[in-house]
Amino acid sequence: MDLLEREDDLQLLAGALDDAVAGRGRIALVSGEAGIGKTSFVDRFLATRGRGMQVLKGNCDALFTPAPLGPLYDIARQSEGRLLSQLESDTSHGTVFATMLDQLRGSTKPVLLVIEDIHWADEATFDLIVFLSRRIAQAKVLFILTYRDDELGTRHPLRVLLGDLAILRTVVRIELPRLTVEAVRTLIADRPIDPASLHGQTSGNPFFVTEVLANAGRGIPKTVRDAVLARAARLGPAGRHALEAAAVIGGRIEHGVMDKILGAEAEGLAECMKLGMLEAAENGVAFRHALVRDAILSDLDSRRLRELNRIALDRLRSAGAGRGDLALLAHFAEGAGDGDAVIRFGAAAARAAASVGAHRVAAAQYRRVLASAEALPPADRAPLFEAYAEESAIVDDLAEASRALGEAVELWRQAGNRLKEGEALAALAWPLVRSGRNAAAEEAGRRAIELLESLAPTRQLAGAYRIQAHLRMLDRDRQVAVRFGRKAIELATRFQDDATIAAAELVVGSAMLVTGDEEGRPHLDRSLVLARQANLDSLVGLAYLNLGSSYGEQYQFAEAEKHLAEGLDYTGDCDLDHAGHYMRAWLALTRLYQGRWSEASDHASAVVELPRVAAVSRIMALVALGRVRVRRGDPGAAAALDEALDLALQTDTLQRLAPVRAARAEAAWLAGERERVVVEARAAYDLAIGHRHRWHAGEFSFWRWRAGDPIAAPKWSAAPFLFQIKGDWQRAAAAWQRLGCPYERARALADGDEEAQLTALEIFDRLGAAPASAALRQQMRGEGLRCIPRGPRASTRRNPFGLTAREMQILGCLADGLSNGRIGTQLHISPKTVDHHVSAVLAKIGACTRGEAARVAREQNLLPQNREVTAAK
């Protein structure tokens, strides 16, 4: 079939290639629904523009659990060099990625690098894409990525990747549309088929159209599945067997795998190719479309499907499988119902996936293994649950991590191994506390110490002390945390347990630093050195997390920002979601206090919208999101802070309750509800006083004073709050300015003389702090001041309604008549976020409907401005 209505898109891709040839590397995101013709589009481009280029192509396959770095294996087999040998060894994925980048940069020809179907990619492949995308701007590389946009639900991990790529100026987006009626008419040619009817039945999907036309003369099938199976029915026995076996193997089959599994039966593939079910692909054959494979698999009965998987498993195993075949072997073993093989190959595939940072894949492999391991003795099953818990915790699936460790505790108890039972109990406390289940975590930690102290001293007891120290640090019990941490260090030193020493140094340092004691910093620095030397990626990420959040809690935001940025880069490279999510939430809080509210909202929303995230990360992100909305007067503030309170109450800790209560006190103040201000500020006041937390105690004292509640703020409270309570607004404003907190500075200036209040107004208006600005203007009028600025006018402001850059994008989409679903797809944000932004836009513009918002935008000449903002991003 001809490739129709793709000329403009081909030209756009050609322009990106011209830039790449000139040394300005580009990334092309080619998207569309299943069957839209992404592969045909890319193949046409490679055929017409690939001459004189080095073409490297990899594919992601729709396995039950994807093979880590599958596309990179494809690429390695096409290129000469050490890449393939590194993949087959235990080389770290960072080294492998660097080798790939060196290969691209060192090519004597411009490179066309293609990875298809990244909606099926594993995490390690996502990491590879991000790694290369950030580093090819000065290389002669056009990096083409294809994906199905109709499979990207709100929780699809590809959404996060697309969000990361969205900020790169090197990216060009190509969304392939469905065919028009005219294109369908062209494809029909002289066949006696009505174009409008066929277009209506297929919605212009090229695959649907071509499948129906390929079955012309037999009537139009009701479904594409019927069309595919009707064509497959024309195959002879050998062709049908080969097609079914190919469907079980995968969407693309390399010659080597095909020879191992099909052997002489591979001759039947020729008939499949002649009939158009399969087509030649580099290094093998492929289904002409994934829907063809789906249809064939759906037509197999369970017995036949099991038989084909068993044959594939036996033949691939006997042929001598390599490291890259482990996921495929586990896939076949599961399909064949061979539990022993699932355990063997699934566990090996999980370890291989974890070694390259594909922790979600590793967790999925362990889930597969555990489903087949019920007959194993307790002592053999327990380590599998522990390994699964570790991978689950890394990807922030804390419910599963807690459940798995609970299973491990019981299995070790059944096995009579008290040492391992105690070790598992101590480990269980960690995901529990990160889930906000502090009481359960305390119980697990206490039981672990009691059990392990009843035995001879061991490194496991040192680990339990370290966990107890961490629990105490999180509860801001400095002295107890330091005491347990030092006990852990002393005992771990006897057993030369560097991992526990590094973790305990981290806790001791954090317990000190979070209370403002800089003597804790050397302990954290030692922890980082030890963790790096021992390749303890998770602990390195945790050290960055504690550095960033500790400085943030002490209002040292410049220092916090530095460590959070370094930590996010590190955790991104190592796939450490648990630390990355928490640091991103704290980066949102840092941006909030720095007055960079749009960034704060974006970072917080990214965490809140995650399908699985630790409760502690969600709480801090909700606080940041709620305070941004409160300060800007955006809708949704109450919902965010209500949820944050529900989660924080479960922890019953100062660390979680104080930020939430402070945010809620501020919201009540700006709403003019003084009684509620007092209620919120008193709720965690005693807890802050009991822990002598100078910043929390200071802020709660400030809000109680502001609301008229008699209060004698402790003398050790944070100075900026104390200055303002004492009426020294000049020193308070100066202190906030030194800390880099513009909103808090303006809040202090608002208590001053006329000149100070005018400066405060300017700051509030610049930040978009509408509620505070309105309150101050009202206060100034009440004081009899006459020359009060009315605020930025439409003629002098970039945006007369105070819309953020993202809200301007949303407004442009509303003017274009796009639905929320289409807006989310175009901007790569979730429907929930779209709803929030649309509500905010309507509220700021004062419109009741989307149509009214579009009308206001046109009347106020906002649309050209919106296009400018969009282009700038």
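Start by selecting phenylalanine 131 in this predicted model: at 14% relative accessibility, phenylalanine 131 counts as buried, because the cut-off is under 20%.

What does a search of the whole structure find in the way of aromatic pairs? It finds 17 of them. In one, the ring centres of phenylalanine 97 and phenylalanine 131 are 5.6 Å apart and the planes stand at 50 degrees, so this pair is tilted. Colour helix 5 (residues 93-106) to see where phenylalanine 97 sits, and helix 6 (residues 123-133) for phenylalanine 131; the two residues are 34 apart and link distant parts of the chain.

Now jump to phenylalanine 721 and tryptophan 736. Their ring centres are 5.2 Å apart with planes at 80 degrees, so here the pair is edge-to-face. Phenylalanine 721 belongs to helix 38 (residues 719-725) and tryptophan 736 to helix 39 (residues 729-739). Phenylalanine 721 is buried at 2% relative accessible area, and tryptophan 736 is buried at 1%.

For another charge over a ring, pick arginine 704: it lies over the face of tyrosine 685, at 4.7 Å from the ring centre.

Last stop: helix 34 (residues 654-670) and helix 35 (residues 674-683), whose axes come within 8 Å and cross at roughly 170 degrees. The two helices are therefore roughly antiparallel. Show side chains at their contact, among them Arg661 and Trp669 of helix 34 and Val677 and Glu680 of helix 35. By class, you will count seven nonpolar, no polar and five charged residues there.

Definitions and conventions. Residues numbered from 1 in each chain as written. Predicted model: local features only at pLDDT ≥ 70, side-chain atom pairs only at ≥ 80, totals over all residues. Heavy atoms only, no water. Axes fitted to C-alpha atoms, helices over the stretch in contact; angles between N-to-C directions. Helix = DSSP H or I, 4+ residues; strand = E, 2+ residues; numbered from the N terminus. Parallel < 35°, antiparallel > 145°, perpendicular 65-115°, else oblique. Contact = heavy atoms within 4.5 Å. Nonpolar A, V, L, I, M, F, W, Y, C, P; charged D, E, K, R; others polar. Phe/Tyr/Trp six-rings, centres within 6.5 Å; stacked < 30°, edge-to-face > 60°. Buried < 20%, exposed > 50% of the residue type's maximum accessible area, 1.4 Å probe, protein only. Lys NZ or Arg CZ within 6 Å of the ring centre and 35° of its normal.
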